[in-house]
Amino acid sequence: MEKETKDEKKKEEGAAQIFAAVILICLCLFFGRKCFSCSEDRQEPPIEIPKVVMITSDSLLAVTYREKFDALYNDLMALDKEDDRRRSRGSFHKEIQKLFEDWHSNMEYLVDEGTLIPLCNKEYETLFRKYDKQFARFMLYGDEDTWEIERYAKREAENILRKLLVDPESLVIENVLCNGKTNKGWKYTVVYRAKNGFGGYVREKITVIMAYNGNTFYECVDAR
């Protein structure tokens, strides 16, 4: 009798566990479907890709880029009157060249759209010729920092003289003088002392022409 009672309790407990499992599965299915349907209803807003704004008028394009060019060009030319080493000529030339690249891209866009650009073509060519003179100047004279050029002139003179002197170790550079610009580059006079063939010291000078090599430093293109 007691054994039958225990068996009945076990059966009741087993049935209760099965019932609880069935309820749990139903709840999971119900809430799972609900969450899935909510995720379908909720849509992320589309990502807006910024568009490149192109100027679509010949006259507006010409005026816009001329104003930008004039501002940069005037700042570049102002360096002739100011002893300001915070900005180099090279940085202005990079900005102006980038300006011409953007301008040219805008012009190509207008042409592709079938727009005539006579004013833009004229302004572009005029300003490019104007700038080309300054770029040629930069490629010959560089940033025109005479202190920096003096350092290169001294080094180049030393290299030349050490190959020519009887006693290269006796070389002493006494002074480096800037004589201004020539059509080949910067002219520098280097005064030096060194031993001659008799063992005595003599004072001489050498003139070097320093030109910008387009790669941030200067080199001697002539010496006498």
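The legends below describe close-up views of a predicted model.

**View 1. The four-stranded sheet.** An open sheet is built from 4 strands in the order β1-β2-β3-β4, and the pairing is antiparallel. At the edges stand β1 (172–181) and β4 (218–223); each has a single partner strand, so one side of each lacks a neighbour in the sheet. From one strand to the next, the twist averages 35 degrees.

**View 2. Pairing of β3 with β4.** Strand β3 (residues 201–212) runs antiparallel to β4, and 5 bridges join the two. A211 stands opposite E219 in β4. Strands of a sheet pair through backbone hydrogen bonds, either parallel or antiparallel.

**View 3. Helices packed on the sheet.** Helix α4 packs on the sheet and touches β1, β2 (186–195), β3 and β4. The direction of α4 makes about 145 degrees with that of β3. Helix α5 (residues 146–164) also packs on the sheet, in contact with β1, β2, β3 and β4. For α5, the angle with the direction of β3 is about 125 degrees.

**View 4. The second largest pocket.** This pocket holds about 170 Å³ of space. Its lining consists of 14 residues, of which G90, S91, K94, F138 and Y212 are the closest to the centre. Two or more lining residues come from each of α3 (89–112) and α4 (118–141).

**View 5. Make-up of the pocket lining.** Helix α3 gives the most to the lining of the second largest pocket, with 5 residues. By class, the lining has 8 polar, 4 nonpolar and 2 charged residues.

Note on methods:
Residues are numbered from 1 along each chain as its sequence is written. This is a predicted model: local features need pLDDT of at least 70, side-chain atom pairs count only at pLDDT 80 or more; totals for chains, interfaces and linings use all residues. Side-chain values use heavy atoms; hydrogens and water are left out. On a 1 Å grid over the protein atoms alone, a cavity is a set of points where a 1.4 Å probe fits but cannot get out, and a pocket is an open set with protein on both sides within 12 Å along at least five of seven lines; lining residues have an atom within 4 Å of a point. Grid points are joined across faces, edges and corners, and a volume is the space filled by probe spheres set on the points. Ala, Val, Leu, Ile, Met, Phe, Trp, Tyr, Cys and Pro count as nonpolar, Asp, Glu, Lys and Arg as charged, and the others, Gly among them, as polar. Two strands pair if DSSP finds at least two bridges between them. Axes are lines fitted to C-alpha atoms, for helices over the stretch in contact, and angles run from 0 to 180 degrees between N-to-C directions. Contact means heavy atoms within 4.5 Å.
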